[in-house]
Protein chains: 2
Amino acid sequence: MTTQHTPFARKLGAFVALSPEELGLLDQLHSRRRTFPALRDMVYEGQVERSAYILASGRVCSYKLLPGGTRQIVDFQIPGDFLGLRSVLFRTADHNIEPITRVQASEVQAQDLLDAFNTAPRLAAAVLWAASRDEAMVVEHLVDIGRRDAKQRMGHFLLELGARLKLVGLGSSDGYNCPLTQYLLADALGLSAVHVNRVLRELREDGLVSFQQGKVIFSDFDGLVEFTEFDRHYLDHEGPLMK
Amino acid sequence: MTTQHTPFARKLGAFVALSPEELGLLDQLHSRRRTFPALRDMVYEGQVERSAYILASGRVCSYKLLPGGTRQIVDFQIPGDFLGLRSVLFRTADHNIEPITRVQASEVQAQDLLDAFNTAPRLAAAVLWAASRDEAMVVEHLVDIGRRDAKQRMGHFLLELGARLKLVGLGSSDGYNCPLTQYLLADALGLSAVHVNRVLRELREDGLVSFQQGKVIFSDFDGLVEFTEFDRHYLDHEGPLMK
């Protein structure tokens, strides 16, 4: 597993030690590459055309719009993540997906996935692992909003995003590039933009982490882990479980 | 697909029209049946023994304990649901699972699942669908806590649970048996027990739904759907997608 592989292969490779044949099958899933501009929904709730995407570059967010007009960002996706996997498996998309930056993504249809599972059932286990990991992150966000205070919530979020980016080669324990605005953070964390601004200032003044000019820098990584009670077990990537 | 099949087979059958061979494989997953008493954790966070279960009868809840002692119930599981699927795929359990009633459950190991996927790759797609549906429910709970008021949240929760129970033959649009206490509802919905009590009284007085003596009765199902903006697309079971 080297950097020449796609972020998707790097991510699944954290769960399954992929054979050359399995890597070849993953490459085939990237044959329909498309480019999407920022800020225009790629997938919208209620859409019946069942396509999913694997994100190759850029950043997107997935969100639900409530009828009253408020929006809840469910998660941000980074390279290697599935976009709209549920839309492929279900008949209709149950959420919206909006590119935050210009993105490149590979279109995947239900049949492509089923064909790959037929040829290499271990890939099914790997995709199931990736989906379970996504669920684990949503669970953490639920805990965030239900039970963590705003400062812990923000710190926890920045650590989680860092761990995910590190896995696909886009970040380190020092920090990472982050194109998210304070408005996006607010809609993800259930805070107001003003509150986001204040919490980020407090975390910076505490010497734990700074987020300025599109860069997250961990000034005290271990301190932030302790403060936020961040337990990275739920992200689980200490090397492949299936050899 | 008849009532003689397990709730698990009924649930997966909503996604894949199962062949006799596939049903036989699902039956084999039920060979290690175990009984668990109420109120003692079946799986605890940090546990490294990697077993999952398929719930055959009874009710359980999955929850995270925060170091401060508060708990967030992530979801309730009903017959046919996986318990601790993530614990099998990951190295350690990332949450706790506690029986609310006495339960019967079948132990499933990672290898059992992989063997079944190898023999019948369509089962992998069905399990992936079930896991995605679980994620969709957690997403709704995130929206609940982030953006819905207490009364809508409660109504939405009771409708969702009803739709899930109906799928496995344990409920109808009239209502269902529900062994959940107000304390459990409080920990799931991010409310106090007193608040739960008040919200349930308001919903009953509005003539929408009552929850008394272990029974949920929908007095005005359509009215409750409208009030809570309940969109059952994310539960998606209008008949098998894969024939």
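Arg71(B) is buried, with a relative accessible area of 19%. That value falls just inside the class, because buried means under 20%. The model is a predicted one. Arg71(B) forms a salt bridge with Asp187(B), and the closest N and O atoms are 2.8 Å apart. The two residues sit in distant parts of the chain: Arg71(B) belongs to strand β4 (residues 71-77) of chain B, Asp187(B) to helix α7 (residues 182-189) of chain B, and 116 residues separate them. Asp187(B) is partly exposed, at a relative accessible area of 22%.

In α7(B), the buried residues include Leu184(B), Leu185(B), Ala186(B), Ala188(B) and Leu189(B). Just after α7(B) comes Gly190(B), with a positive phi of about 70 degrees.

Now turn to chain A. Arg71(A) pairs with Asp187(A) in a salt bridge, with 2.8 Å between the closest N and O atoms. Here too the pair links distant parts of the chain: Arg71(A) lies in strand β4 of chain A, and Asp187(A) lies in helix α7 (residues 182-189) of chain A, 116 residues apart. Arg71(A) counts as buried at 19% relative accessibility. Asp187(A) counts as partly exposed at 21%.

Which part of the chain does Asp81(A) tie to helix α1 of chain A? Start with the bond itself. Asp81(A) forms a salt bridge with Lys11(A), the closest N and O atoms lying 2.7 Å apart. Asp81(A) is in the loop between β4 (71-77) and β5 (82-83) of chain A, while Lys11(A) is in helix α1 (residues 7-13) of chain A, so the bridge ties together parts 70 residues apart in sequence. Both ends are out of solvent by the accessibility criterion: Asp81(A) is buried, with a relative accessible area of 2%, and Lys11(A) is buried as well, at 3%.

The next step is from pairs to networks and totals. Salt bridges that share partners join Lys11(A), Asp75(A), Asp81(A) and Arg164(A) into one network. Over all chains, the structure holds 28 salt bridges. Of these, two are between chain B and chain A. Glu140(B) and Lys64(A) meet through their side chains in a salt bridge, at 2.7 Å from N to O.

That bridge leads to the interface. In the contact between the chains, 57 residues of chain B meet 57 residues of chain A. The size of an interface is often given as the accessible area lost when the parts come together. Between chain B and chain A the buried area is about 5,000 Å², and carbon and sulfur atoms give 68% of it.

Glu135(B) is found in helix α5 (residues 121-147) of chain B. Leaving out residues up to four places away in sequence, Glu135(B) touches Arg86(A), Ala131(A), Asp134(A), Glu135(A) and Val138(A). Is Glu135(B) buried or exposed? At 10% relative accessibility, Glu135(B) counts as buried.

How are the two chains arranged? Two copies of a chain are related by a rotation about an axis and a shift along it. Here a rotation of 180 degrees, with 0.0 Å of shift along its axis, superposes chain B on chain A with an RMSD of 0.0 Å. That is the relation of a two-fold axis. The same surface serves both copies, and 98% of the contact residues of chain B recur in chain A.

The cysteines come next. A disulfide is a covalent bond between the sulfur atoms of two cysteines. How many disulfides are there over all chains? The count comes to zero. Cys178(A) is in no disulfide, and the nearest cysteine sulfur, that of Cys61(A), is 12 Å away. Cys178(A) is buried, with a relative accessible area of 4%. In the other chain, Cys61(B) is in no disulfide either, and the sulfur of Cys178(B), the nearest from a cysteine, is 12 Å away. Cys61(B) counts as buried, at 0% relative accessibility.

One annotation remains. An unreviewed UniProt entry places the feature "domain: HTH crp-type" at residues 148-222 of chain A. Over residues 148-222 the chain is 55% helix and 15% strand, and the end C-alpha atoms are 19 Å apart.

Technical notes
Residues numbered from 1 in each chain as written. Chains lettered and ligands numbered in written order. Predicted model: local features only at pLDDT ≥ 70, side-chain atom pairs only at ≥ 80, totals over all residues. Heavy atoms only, no water. UniProt positions renumbered as here; feature names shortened; annotations may be inferred. Helix = DSSP H or I, 4+ residues; strand = E, 2+ residues; numbered from the N terminus. Disulfide = S-S within 2.5 Å. Buried < 20%, exposed > 50% of the residue type's maximum accessible area, 1.4 Å probe, protein only. Contact = heavy atoms within 4.5 Å. Least-squares fit on C-alpha atoms with pLDDT ≥ 70 in both. Buried area = accessible area lost by both parts, 1.4 Å probe. Salt bridge = Lys/Arg side-chain N within 4 Å of Asp/Glu carboxyl O.
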